[in-house]
Amino acid sequence: MDRLETRELAYFVAVAEELHFGKAAERLGMAQPPLSRAISRLERRMGVRLLERSSRRVALTDAGAVFLDESRRLLDSLDAAVRRAQRVQQPGRLVMAVRPGTASGLIADLVRSSEVGGHDVVFTHDRPAALRDGRADIALLCVGTDDLTGLRTADLTEEAPFALVPRGHPMARRTVVTVAELGQDANFAPECPPVGLDEIIDRVVLGRLVTVVGSGAVERIPAEVAAVSVSDLPPTRLALAWPEGASRPAVTAFVRSARAAEARRVLDANANANANANDTNTAASIHMPPA
């Protein structure tokens, strides 16, 4: 059998989704008779019946259901390949997918990086899908929760878990809480809602939500919200990810730049912490009464 054409796959997907030749033809912008002939020709070429037809209905056979899933995947892969090829014309430019509100300080450092020629940011809750469909070249993902199938990764940093509660909440005065304690609040959501950080903060301020976020989001909370460390949750591991087989020199440069930026950030944070500790010790020694 000669290799099928993408046009044939698109015809079949339209009919399989509409389960009506007239509606499928209208969707494709063509007449119904040539569409019907094209589907019949496709079935003959494959030697498989894909659709059951009668005067009243069109239905998928078991083989047709399998072929529909595979056809969608192939067409999506083709679209992704086109998007990636188009961006190759801008060798130093990447599109990065991040979850809204995730490690905003780190993202800002990456955007300002001088080692990468320039890049765009796509904010989405389904970063793996953005990589697979070609909307993004690289993404910041959560190891252990995001689907990393078919992706290469490079560990970048960790975020400590913090509970967000209204400033007047009884737990707002605590320095540490546990998940069990949070669960006693009727508004506690173990999984952070799939909305932007601004909406999450608004819900917390209104007393309608208590949830856990990474330390990168804590920088952006207003005075009306308190962030309390959660003692019995592990830190979230953040990694850069990109599709296997789709690596470009710009991706390698981006990963190198990101790791360097994170290393500098950690060094600066440690230096500030040591400076604050030294200031505290100095102040204590100044006020220490003589022996």
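Arg-45 is partly exposed in this predicted model, its relative accessible area being 26%. Its side chain forms a salt bridge with that of Glu-8, at 2.8 Å from N to O.

Is Glu-8 buried or exposed? Glu-8 has a relative accessibility of 7% and therefore counts as buried, since the limit for that class is under 20%. Arg-45, at 26%, is partly exposed.

I turn now to a second pair. Glu-18 and Arg-27 meet through their side chains in a salt bridge of 3.2 Å, again taken from N to O. Glu-18 is partly exposed, with a relative accessible area of 30%. Arg-27 also falls in the partly exposed class, at 43%.

Which residues are linked with this pair in a network of salt bridges? The network joins Glu-17, Glu-18, Arg-27, Asp-69 and Arg-72.

A third pair deserves mention. Arg-174 and Glu-181 are joined by a salt bridge between their side chains, with an N to O distance of 3.0 Å. Arg-174 has a relative accessible area of 35%, so it is partly exposed. Glu-181 is likewise partly exposed, at 23% relative accessibility.

Technical notes
Residues numbered from 1 in each chain as written. Predicted model: local features only at pLDDT ≥ 70, side-chain atom pairs only at ≥ 80, totals over all residues. Heavy atoms only, no water. Salt bridge = Lys/Arg side-chain N within 4 Å of Asp/Glu carboxyl O. Buried < 20%, exposed > 50% of the residue type's maximum accessible area, 1.4 Å probe, protein only.
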